[in-house]
Amino acid sequence: MLNWIDLLKHYKDKREAVALITVTQCLGSTPCVVGSRMIVTKNRDIHGTIGGGKLEFNAIDEAIIAINENRIMTSSYTLGPEFEQCCGGKVELIIEPMNQFPKLFVFGAGHIGVEICNMMENTPFEVHLIDSRANWFSKIPLKAHVHKHEAKLNDFKTFKDAVQWGSQCYVLVLTHDHKLDFDIIAMALKQDTEFLGLIGSKTKRVRFNNMLIKDMQIIEGMGHVVCPIGLELGGNSPKEIAISVVAQLIQIHYKGLPEKRFA
């Protein structure tokens, strides 16, 4: 018998996303029993079984969707001709994605960037701080949970390679240089992110939007960039701005991006 807790801990320690499939109800003749379980990885490796055959094949497909979309799914299958089985019973499942760790990549280790990273301690986020200034990290107080990356100025391969792009990727751009901000935004728009935010005013947003469209031929412009960043809590000190941004990131992680986010 598989030790499900140990297996899930193994994948949690590896920080590898998996889905746990559990049979929640069986009616009539079925190839499994209530409580049958299976773990599915993103690479379609499996542990355990919920009965094999087309039932299991379909459940694996749904598990991959659950991992990719980071949402709990329920399914119900009647085991008739469609499933090439003559059991005639009915199986209900719950599919739960596990180990979906959001990763935050902050470009710019200035006052606000440092405050944001330090405040993310004990949240679900894995935090990475990226800066291009030589020996800069020796000058700033960072908590132990923050991963530091010193990228080379204007070498965008090092900027790009520092980020783990994808559906769990959150990016904040707040460097010391507006030109660098623009170049990073243009680079990031070509990648997959859950959240892409830029510090600045509505004027900066309009200016960057025009430059992206006219100079970079990025037709959507700033349509997928949140700018200004942060919830409207009030206050304009680095710590107060950081609080508003951290609150926004946590809200998005648990609730998703609101539809009007880019208005």
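## Thr175 and its neighbours

The side chains of Thr175 and Asp181 meet in a polar contact at 2.7 Å. This is a predicted model, so keep that in mind as you look around the site. Thr175 sits in the loop that links β9 (169-173) to α5 (178-188). Its relative accessibility is 14%, so Thr175 counts as buried, the cut-off for that being under 20%.

Which residues does Thr175 touch, once those up to four places away in sequence are left out? Asp181 turns up again here, along with Leu180, Ile184, Phe107 and Gly108.

Next up is helix α3, which covers residues 111-119. Its buried residues are Ile112, Gly113, Val114, Ile116, Cys117 and Asn118.

## Two loops with positive phi

A couple of non-glycine residues have positive phi values. For Arg44, phi is near 70°; for Asn135, phi is near 60°. Where are they? Arg44 is in the loop between β2 (37-41) and β3 (46-48), while Asn135 belongs to the loop between β7 (126-131) and β8 (146-150).

Are these two buried or exposed? Arg44 has a relative accessible area of 38%, so it is partly exposed. Asn135 comes in at 54% relative accessibility and therefore counts as exposed, as the cut-off for that label is over 50%.

## A cis proline

Have a look at the peptide bond between Cys227 and Pro228: it is cis, with omega at about 0°. Pro228 is in the loop running between α6 (202-214) and α7 (238-255).

## Asn58 on helix α2

Finally, there is Asn58, which is part of helix α2 (residues 53-69). With a relative accessibility of 23%, Asn58 counts as partly exposed. How far is Asn58 from Met222, C-alpha to C-alpha? The separation is 39 Å, with the two residues 164 apart along the chain.

Technical notes: Residues are numbered from 1 along each chain as its sequence is written. This is a predicted model: local features need pLDDT of at least 70, side-chain atom pairs count only at pLDDT 80 or more; totals for chains, interfaces and linings use all residues. Side-chain values use heavy atoms; hydrogens and water are left out. Helices (H or I, at least four residues) and strands (E, at least two) are DSSP runs, numbered from the N terminus. Buried means under 20% relative accessible area, exposed over 50%, partly exposed in between (1.4 Å probe, protein chains only). A polar contact is a pair of N or O atoms within 3.5 Å; within protein, one must be able to donate a hydrogen and the other to accept it, and residues adjacent in sequence count only if both atoms are side-chain atoms. Contact means heavy atoms within 4.5 Å.
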